[in-house]
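This report concerns the surroundings of a ligand and the pairing of aromatic rings. Please consult the sequence and the structure shown here while reading.

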Amino acid sequence: MRLKKRIVQVNNLHLSYHTLDGETKALSDLSFHVSKGEIITIVGPSGCGKSTLLSIISGLLKPSSGKVTIEGIEVTDTRKDVGYMFQNDLLFEWRNILDNVLIGLEVQKKLTSHSKEMVEKLLSTYGLKDFKNHYPNQLSGGMRQRVALIRTLAIEPKSLLLDEPFSALDYQTRLIVADDIYNILKKEKKAAIMITHDISAAMYTYKQTILLHKKIQGHIIIYFP
Ligand SMILES: Nc1ncnc2c1ncn2[C@@H]1O[C@H](COP(=O)(O)OP(=O)(O)OP(=O)(O)O)[C@@H](O)[C@H]1O
Ligand SMILES: [Mg+2]
């Protein structure tokens, strides 16, 4: 049997926030890995450290101890090949949908006719083709989240970090989008880590789930491939 290539490796991660009110332990001694083509979901109650974990993996936040490596290289800063879809969609209200989706490519100077074509195709697949000239405030919450996802996929990242990509979607749309995202991630063989509150969708669609719990902060309770 061929071993799958490990893309993201998280080793003994600890993080404490220090504020005037004292210390908050957000993560303690968390370890796991994600291989090429694998999708790991992280489930857990509000405040258990899920977003903190993605911020560390993306290089936006430094851990108190422990380390994260991506393809063997320690994460010390943000990387171009990691796509991060934030919990809040962070769309620019003054740019239309197409310009919002293209912004990552613009910043990375990767705007070509090929990349534009790919973006148009993604907009069409996600039912946003007719809205590309609209502005974010003319879209529903679910549509905005789809725009944010397309923007993340547009830079063709090797690994993807998704913070609650379905939270603004109604139940039916969520099932469709969960399936779509799953198929895209599988097809593109991306290593993905996805946070969700929806434990049943996580188990059903994505199977590999890490459960973080507030009372035993940062510890993995269940991890079943
Ligand atoms: N910048 C910060 N400064 C101080 N404490 C913080 C900061 N960010 C998060 N925390 C605290 O760290 C803990 C973990 O926060 P985090 O945002 O990672 O939780 P979460 O699991 O993503 O929650 P949610 O499901 O509500 O998004 C919480 O107790 C939170 O209050
Ligand atoms: Mg969060």
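## Polar contacts of ligand 1

In this predicted model, a polar side-chain atom of S46 lies 2.5 Å from an oxygen atom of ligand 1. The side chain of S51 likewise places an N or O atom 2.9 Å from an oxygen atom of the ligand. For Y17, the distance from a side-chain N or O atom to a nitrogen atom of ligand 1 is 3.5 Å.

Ligand 1 exposes 630 Å² when taken alone, and the protein buries 65% of that area.

## The shell around ligand 1

The largest share, 3 residues, comes from α1.

The shell holds 14 residues, of which S46, G47, K50, S51 and T52 come nearest to the ligand. Sorted by class, 9 are polar, 4 nonpolar and 1 charged.

## Aromatic pairs

The count of aromatic pairs comes to 2. In one of them, the ring centres of Y84 and F86 are 4.3 Å apart and the planes meet at 25°; because planes under 30 degrees apart count as stacked, this pair is stacked. Y84 is buried, at 14% relative accessible area, whereas F86 is partly exposed, at 34%.

The rings of F92 and W94 have centres 5.1 Å apart and planes at 50°, so this pair is tilted. F92 counts as partly exposed, with 29% relative accessibility, while W94, at 66%, counts as exposed.

Notes: Residues are numbered from 1 along each chain as its sequence is written. Chains are lettered from A and ligands numbered from 1 in the order in which they are written. This is a predicted model: local features need pLDDT of at least 70, side-chain atom pairs count only at pLDDT 80 or more; totals for chains, interfaces and linings use all residues. Side-chain values use heavy atoms; hydrogens and water are left out. A residue is near a molecule or strand if one of its heavy atoms lies within 4 Å of it. A polar contact is a pair of N or O atoms within 3.5 Å; within protein, one must be able to donate a hydrogen and the other to accept it, and residues adjacent in sequence count only if both atoms are side-chain atoms. Accessible areas come from the Shrake-Rupley method with a 1.4 Å probe; for residues, only the protein chains shown count as cover. Helices (H or I, at least four residues) and strands (E, at least two) are DSSP runs, numbered from the N terminus. Ala, Val, Leu, Ile, Met, Phe, Trp, Tyr, Cys and Pro count as nonpolar, Asp, Glu, Lys and Arg as charged, and the others, Gly among them, as polar. Rings of Phe, Tyr and Trp (its six-membered ring) pair if their centres lie within 6.5 Å; planes under 30 degrees apart count as stacked, over 60 as edge-to-face and the rest as tilted. Buried means under 20% relative accessible area, exposed over 50%, partly exposed in between (1.4 Å probe, protein chains only).
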